[in-house]
Amino acid sequence: MEDRTTLGGLDPELIDQLATRRQALRGIGRWGAGLALASVPLALAATAKDAFGQTLPQQIVDVLNFALVLEELEAEFYTLGVNANGLIPAADRAIFTTLRDHEVAHRNFLRNALGGAAVAKPTFDFTGGNGNNNGPFNPFGNYAQFLVLSQGFEDLGVRAYKGQAGNLISNDTVLTAALTIHSVEARHASEVRRLRGEKAGQKEQAPYKGWITQAQVDAAAQALAPIYGAGNPAATFPSEANTTQAGLNLVGIEGLTAAMASEAFDEPLDRQTVLNIAGPFIAG
Amino acid sequence: MSERNEAEGGILDGLRRPTGRRGFLKIGGAAAAVLAITACDDVFGGDDDDDDDGGGSGNVILDFSTDVGVLNYAYALEQLEAAFYTAVVGSATFAATFSADEQRVLRDLRDHEVAHREFFERAIPAVGGTLIANLTPDFSSVTLSNRQQVLQTARTFEDLGVGAYNGAAKYLQDATLLTLAGKIVSVEARHAAAIRDLLSPKTGQFAPAAFDPALEPSQVLVQAVSFIEESITVRNAS
């Protein structure tokens, strides 16, 4: 498949709408420092209504803001990581500049789409210390820990988007856009998981496969275990060890093992469980 | 195409329709979560046509105005992928062509696509639909002993699968089925990233764009057609 531009694959109409918004944003810079910042959200809000031809329903706004927070988190995480001197080995840099660029693009898209309804960027604490910057992680001083959090954020992001897809069913444009982000997060997760496997000398082996084997987490990443667990309610948001789809237990069919059956399907996660897991990294 | 096991008694009773147009799709297996599908012709119902010309290659018609049409579309793609990886892994040259690490990846991909195929094979009847025919794959254009050709074909199929699911989602009317499709598409994306990484390690090629494609069925079928003997037509979609 040929390389695509950042916006490749998006509905052309949506791209036009976003282009209009970006022009509006560029115009703001020329107004200088005297521009009252309060007027900016109003301008964006007007564009938001124009862009989708209607005001987005609150449920959809909520989903997009939920996604926006996660994308802000990832964008900042990778930006800081790429900029941390000596953190990422030269051989791996192309991977993480790619992740950074994608998350920034996702963040920009969501912020633009929401316009005046977008929440402010939270302050993040990547030590996992609830804003006290004294948490257990040192991702920008320790590459192994950076990789652990990267895997966690990506796998969490996949589950988070998947858990919200049903809430977007009333808007084809937003649903499709969210899915085109969701699948890219899954690509990210696959890449980082496999990279960690390479570092551990266990290429393409559980628990370091690009896909999730029975909610397994390696010893160094035990803090990530909740990401692979059940949500609430568990029947709707099962753990990644789940092997039953729509009431059908796949184990034993055509020789499928529990490991294979669990790997073949990713599971959604409910919003609150996602926020509970991400909470320590969000200061406010 | 491997033989399909008949379902064990009991386990699938909840999925199989007893009679008529009613069906049950269980979510999580809890009795309280059983979704009863009644009068489902407008959503799940309607059978996709299998017109067999009698000449050995049939014409498959998928109606996207029903969720069954979309599910059969997914089933077709999973049949193709499962057949491809089964052929790759089953080839006499498999171990000589791929490293041990790569063999693990390709075996996993086969297992996952088989799981997807088998799931749809049971789920579609369970929601009141008729399965499309077993498709006849054509991989004559791929030399299975050529690592590059196999991986590039795998990349095509996986990227295509991602684009197909992303593009088909808007046609699904039932939120449960949408979530089920969502559970599969992210795995296809994981696959795609892994294959692309085998082809271009330590690059950004695992994810060529910040937004994946969302392809209309016509765009997908244009790429898939050379690998399937039957012709596939989609109605009520772009």
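We will talk about aromatic rings and then about one serine.

Modeller: This is a predicted model, where local features need pLDDT of at least 70, side-chain atom pairs count only at pLDDT 80 or more, and totals for chains, interfaces and linings use all residues. Residues are numbered from 1 along each chain as its sequence is written, chains are lettered from A and ligands numbered from 1 in the order written, and side-chain values use heavy atoms, without hydrogens and water.

Biologist: How many aromatic pairs are there over all chains?

Modeller: A pair of aromatic rings is described by the distance of the centres and the angle of the planes. Rings of Phe, Tyr and Trp (its six-membered ring) pair if their centres lie within 6.5 Å; planes under 30 degrees apart are stacked, over 60 edge-to-face, the rest tilted. The search finds 28 pairs. In one, A:Phe137 and A:Phe281 have centres 5.7 Å apart and planes at 35 degrees, so this pair is tilted.

Biologist: Are A:Phe137 and A:Phe281 buried or exposed?

Modeller: Buried means under 20% relative accessible area, exposed over 50%, partly exposed in between (1.4 Å probe, protein chains only). Both A:Phe137 and A:Phe281 are buried. They also belong to a cluster linked by ring pairs, including A:Phe77 and A:Tyr143.

Biologist: Which side chain makes a polar contact with the side chain of B:Ser186?

Modeller: A polar contact is a pair of N or O atoms within 3.5 Å; within protein, one must be able to donate a hydrogen and the other to accept it, and residues adjacent in sequence count only if both atoms are side-chain atoms. For B:Ser186 the partner is A:Lys162, at 2.7 Å. B:Ser186 has 0% relative accessibility, so it counts as buried.
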